[in-house]
Amino acid sequence: MHKYISKFHYLTQDLSRRSHLEQVMIACENGANWIQYRCFSKDEEQLLDDINRIAEVCDDWGTTLIVTDHISLISKADIQGIHIEDMNADFRSIRKEIGPDKTLGASANTIEDIQRIADSKVVDYIGCGPLRITLTKPNDYPLLGINGYQLITDEMKKRGISIALLAVGGVTAEDVDALLKAGVYGVAVSAAVNLSPDPSKAFKEIYKKLH
């Protein structure tokens, strides 16, 4: 079953000066239709409290709410899907656990990752990166650059892989046009909005390039 996947995935992050709820409110007020709650600083009780408040905001705005990795919470709150960052996860088992109606996203860095995820036939979209160095999610994966995405999307076409691919990892508004030209479906962004002096303006700038 093909599910709607937004071209603009907005990711929250742990910030000392702005809560996840405040980040979500800013995004929704500026047109967000897809939010990924990404928090690793709280225990399950705190996460659930946070998610319930965020889910109310998302429901008011008609915004899809995806949660990073915390599969156990999907049956406890009004969450529309899960994004799994472990590239080697057993996606078929996860699909069985969350059911057919929830959206399932996965992370990737190489065409081999993408092939493995596509072969599972249960994942709805892939966040592929990093584009460049990012402090939001420190890792040792090779940086793709614009050309890297072009090579990946070309290879996906050759292999007949049609899953929605989103560029992630250091993406800014200035990258969007080139990434779309390289064949990606859309982008996932956090720091470019969250660390901007004017998050609302930064969000709108990216949104306009994608819609």
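## Getting started

A polar contact here is a pair of N or O atoms within 3.5 Å; within protein, one atom must be able to donate a hydrogen and the other to accept it, and residues adjacent in sequence count only if both atoms are side-chain atoms. You're looking at a predicted model, where local features need pLDDT of at least 70, side-chain atom pairs count only at pLDDT 80 or more, and totals for chains, interfaces and linings use all residues. Residues are numbered from 1 along each chain as its sequence is written, and side-chain values use heavy atoms, with hydrogens and water left out.

## Around D124

Let's begin with D124, which sits in the loop between helix 4 (111-120) and strand 6 (125-128). Helices (H or I, at least four residues) and strands (E, at least two) are DSSP runs, numbered from the N terminus. The D124 side chain makes polar contacts with the side chains of K3 (3.4 Å) and R95 (2.9 Å).

Both pairs also turn up as salt bridges, D124 with K3 and D124 with R95. The term covers a side-chain nitrogen of Lys or Arg within 4 Å of a carboxyl oxygen of Asp or Glu. Together, K3, R95 and D124 are linked in a network of salt bridges. D124 has a relative accessible area of 14%, so it counts as buried (under 20% relative accessible area; exposed is over 50%, partly exposed in between, with a 1.4 Å probe and protein chains only). K3 is buried too, and so is R95.

The side chains of D113 and R116 meet in another salt bridge, 2.9 Å from N to O. These two are three residues apart in helix 4, so about one helical turn separates them. D113 is buried at 9% relative accessible area, while R116, at 36%, is partly exposed.

## The nonpolar core

A nonpolar core is a set of buried Ala, Val, Leu, Ile, Met, Phe, Trp, Tyr and Cys residues joined through side-chain atoms within 4.5 Å. The largest one has 60 residues, and I35, F91, I114, Y149, V187 and I206 touch the most other members. Its largest share, six residues, comes from helix 2 (residues 44-61). There's also a second, separate core of six residues, including I5 and L166.

## Charge over a ring

The charged end of K7 sits over the ring of Y185, 4.0 Å from its centre. That label needs NZ of Lys or CZ of Arg within 6 Å of the ring centre and within 35 degrees of the ring normal.
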